[in-house]
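Let's read a fold together, one feature at a time. Have the sequence and the model side by side, and we'll start with strands before moving on to helices.

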Amino acid sequence: ALEFIKSQPHAGGGALVLMDSAGYSATVELGTGTIASRTAGPVGWGGIGQTNHYQDPTIFAGQSGSFADPDGANTRGRLARIENWIAATAAEPSTLEKVACLLASHDMDAHPALCRHAVPGGSQTISTSLFACASRSLYFCPGNPCVNDWQLYSF
């Protein structure tokens with residue numbers, strides 16, 4: 001999938017998260033004329049995180065604001081929180097409830113909120129998606145993950 005995506009022309013402006021049923025995962029940042037990706041193998045839970053601002057410095061410089069931008073700093077903090085959680089829980093089986101709890105979390109101990117409905121100003125959470133690739137299911141929360149019911153879609 002990564003090779004196919006890289007072979008296609010892109011106008012930029014987006015990020016993808018890919019995962020297969022074996023637990024391999026990747027993020028793809030689509031810049032104008034360039035693509036950056038990160039991958040993770042099926043170690044433990046085998047996850048990877050992506051938030052809504054570019055991480056690759058070559059794409060970031062042309063597509064996003066300054067690294068000092070509060071929304072950019074917040075998204076990098078949220079990504080660190082996700083990746084720290086993945087590393088800390090890799091040895092134990094993950095469940096939808098555990099991941100949903102992480103995504104519904106608010107500011108704590110200087111870690112930025114993943115659910116951002118209560119944060120004045122800046123970017124706010126509008127929806128949340130969890131893809132369960134092995135069961136071919138999508139869990140979608142059409143609003144703030146801390147207050148809305150998750151909906152299940154099977155493929």
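**Reading a sheet and its helix**

A: Welcome! In this predicted model, β4 and strand β5 (residues 137-141) pair in the antiparallel sense over five bridges. Within that pairing, S129 has F140 of β5 as its bridge partner.

Q: What is the strand order of the open sheet, and which strands stand at the edges?

A: Strands of a sheet pair through backbone hydrogen bonds, in a parallel or an antiparallel way. Here three strands form an open sheet in the order β4-β5-β6, with antiparallel pairing. β4 (128-132) and β6 (151-154) are the edge strands; each has a single partner strand, so one side of each lacks a neighbour in the sheet. On average, neighbouring strands are turned by 20 degrees against each other, direction ignored.

Q: Which strands does α4 lie across?

A: Look at β4 and β5: α4 lies across both, running at about 155 degrees to β4.

Q: Which residues of α4 are buried, and which are exposed on the other side?

A: Buried here means under 20% relative accessible area. V99, A100, L102 and L103 of α4 are buried. Viewed down the helix axis, these buried residues fall within an arc of 155 degrees, so they line one face of α4. On the other side of the helix, E97 and C101 are exposed.

Q: How many residues make up the largest nonpolar core, and where does its largest share come from?

A: That core has 10 residues in all, including I82, W85, L114, L130 and Y139. Both α3 (70-89) and α4 (96-103) supply at least two residues each, and the largest share, four residues, comes from α4.

Notes: Residues are numbered from 1 along each chain as its sequence is written. This is a predicted model: local features need pLDDT of at least 70, side-chain atom pairs count only at pLDDT 80 or more; totals for chains, interfaces and linings use all residues. Side-chain values use heavy atoms; hydrogens and water are left out. A nonpolar core is a set of buried Ala, Val, Leu, Ile, Met, Phe, Trp, Tyr and Cys residues joined through side-chain atoms within 4.5 Å. Buried means under 20% relative accessible area, exposed over 50%, partly exposed in between (1.4 Å probe, protein chains only). Two strands pair if DSSP finds at least two bridges between them. Axes are lines fitted to C-alpha atoms, for helices over the stretch in contact, and angles run from 0 to 180 degrees between N-to-C directions. Contact means heavy atoms within 4.5 Å. The arc is that of the directions from the helix axis to the C-beta atoms.
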